[in-house]
Amino acid sequence: MSSIAKLRVKRGSFGQSSRYDDFEVPYEDGMSLLDALRWIRIHRDSTLGIRYSCINANACKTCVALVDGEVEYTCMVKLKPTPIRVEPLPKRRLIRDLITDIVPSDEKL
Amino acid sequence: MSSQERDRRMLRFSVDVLIAGAGAAGMYAAIAAARAGATVLLVDKGQIGRGGATVMAQMTVAAALAEEEPDSVALHLDDTLKAGRGLCNEELAALVCSEGPKRIREMEEWGIRWAREGQRIKQVMAPGHSVKRCCYVDFLNTGPAVAATLRRKITEFSKIRRVSNFAVVEILVCDGRVMGAIALDLTNNQLLTIQARAAVVSAGGLTKVYARNSASTNMGGEAYALALWAGAELIDMEFVQFFPIGHLAPRLVGMDPIMWEPFRYKVGGKLLNGQFEEFIDRYGSTDFGQYNATRDIAAYAILKEVEAGRGTPHGGAYLDFRHIAEKDLRAAFGPVIDRLLANGIDLSRMPVEVGPMAHYHMGGIRVDANMRTRIEGLYAAGEAVGGSNGANRLSGNAITEAFVFGERAGCAAADDVKAANSNWDEKLAEESIARLERFGRTSDDNGIAPIVLQTELQRIMWDLAGPFRTGDKLTRAQARIAEIKTTELRHLHLGNEREFNLDVQDGFELRAMMTAAEAVVYAALGRAESRGAHQREDFPLADYQLIKNQVLELRDGELVCRWAQPVRLDRSQLEKPLMP
């Protein structure tokens, strides 16, 4: 019952040229896109930039990204056999990879 | 001096009270300290009020409000101590029970909407409580509502400076007194010094050191490591609470993984092994018709079935509601039924898989009733505190203790700094930051990424220091952890990104996880008996001579232990019964 999810992830830091990296991730039905991104960090590329905290409850609201062109919490997107494109939020300042500037301005140094 | 060093000097903070960790305990501590006149720097490695255990807690908060039925602080304390199997620090437990009601009502003044029925706050039963005592926010929204209320409240204080993505990696101590800390600014991978005359460690528990856990991913035991390295003592580190029927599969998002328990009791969910047989009766308990086997027996029975090859595909048991009529399921689960359906889970047609998982840590930093450690100026709050729950925590007490200990720590720290002079030692700070920079900036091309080692450590702890332990397994865990410390940990492979370098963050986290895991294993080996959450298969009975706490400290970098009598309370001090 294990399938392969194909992710195309936009990489790069603010002010630099960006690229897309492709990853294949084994998954079981029900697994989330965030599960796949975490799997990539452990098994393929630990430098992939993502934000997350609660992973289970859609409570921390920090794992947000653009998924196939729509703004989504990556924990709430289910993996599927067709390719998925993951990009940083377009209307927030890019920091690196999928990490954008979502922290309130009065919580910064 | 390099330009980097100049940056660091310019960015040094100076505050009265540093608070490391911004869940419910840290935010409450910030409010209390600011109310008492102190300047506060409240930091979190994630985002303020969005990480840690608080946001995940969908269940209930226990306090003797006596809104539903007669209750008293003494009765709440009795239930708490009973759960703790003789090991509670009764002063701390009594503090939770006596101050809990004040904090719950204060939270309501600050805007939280506890579920109400007419004029009364609704209070419900939960396992281990002798009366209806647990309040909540609908619907399964307690933790998020607590976090949102406190996030809003802390913005009202100009004395509280909040910083997200700022991870405290070491507390600085000079001549036995806190002088500040060093923290990693994740946004640019810089280590910065913070000058503070007091510090509150409120960075939560250590569920992340276990492969199976029910909490956020960001509690790797940093609180315990920070305190231990600073010279404070830890207590009861062997007592990790494993929740017996945490959700394993199918993948479920949007729900707390411990959500099944109240429903299992309420409507009667059957626990079945991988061959769809009921099995609890094989382990000296009955579950037929009642479905209420105690947590410890349920956990034991599930793992024994798995060990015997009768587990479910994901290594647990089935929880089956298919014998219940669909309309009764909908009545009992309410809107949860739809959240489950959105995850592809139709309870009228399929069972789910459940099993034990690390949920909470009873052990922690040893403090007095003012949350003071033995290091002057160093305080703890929330789950980071050890001792109040003894060998097992009563359900509903975790958020209560976050409020109560947070408030107490904030007040005490603010009071403390009034008398304390700054003892900042520039040379000590420089040496510490240089040492930590060597760790955070040294990458070995042939090394391993820290997240990979974290994953191995989580596996070791689950397999060898999990719910059921033996001397042999624990010794193997100890040996492997010691080996990682002297080999792989010294040759980490770290990316070279400047912004949000997750490898460096993971590396510092791993360093703390190793220390926390080491303390758990050390204490678990030391306690040759089974009591509460600590179960030794080679010592299955409780030993009355071990109604004592293990207190750990570092001496020359090595853990050492002494046994201490639990702190007892003069019960004549407790209040009279409360009436609704």
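Before the first stop, a word on angles: axes are lines fitted to C-alpha atoms, for helices over the stretch in contact, and angles run from 0 to 180 degrees between N-to-C directions. Also keep in mind that this is a predicted model.

Start by selecting helix 1 of chain A, residues 33–43. Helix 1 lies across strand 1 (3–11), strand 2, strand 3 and strand 5 of chain A, and its direction is at about 105° to strand 2 of chain A.

Now show the sheet under discussion. In chain A, 5 strands make an open sheet with mixed pairing, and the order to follow is 2-1-5-3-4. Colour strand 2 (19–27) and strand 4 (70–73) of chain A to pick out the edges, since each of these pairs on one side only. Going from one strand to the next, the twist averages 35°.

Zoom in on strand 3 (residues 64–67) and strand 5 (residues 84–87) of chain A: they pair in the antiparallel sense, over 2 bridges.

Next, bring in chain B. How many residues of chain A are in contact with chain B? The count is 32, against 38 residues on the chain B side. Helix 1 and strand 6 (94–96) of chain A are the elements giving two or more residues to chain A's side. Colour that side by residue class and you get 14 nonpolar, 10 polar and 8 charged.

Last stop: chain B itself.

Note on methods: Residues are numbered from 1 along each chain as its sequence is written. Chains are lettered from A and ligands numbered from 1 in the order in which they are written. This is a predicted model: local features need pLDDT of at least 70, side-chain atom pairs count only at pLDDT 80 or more; totals for chains, interfaces and linings use all residues. Two strands pair if DSSP finds at least two bridges between them. Helices (H or I, at least four residues) and strands (E, at least two) are DSSP runs, numbered from the N terminus. Two residues are in contact if their C-beta atoms, placed from the backbone, lie within 7 Å. Ala, Val, Leu, Ile, Met, Phe, Trp, Tyr, Cys and Pro count as nonpolar, Asp, Glu, Lys and Arg as charged, and the others, Gly among them, as polar.
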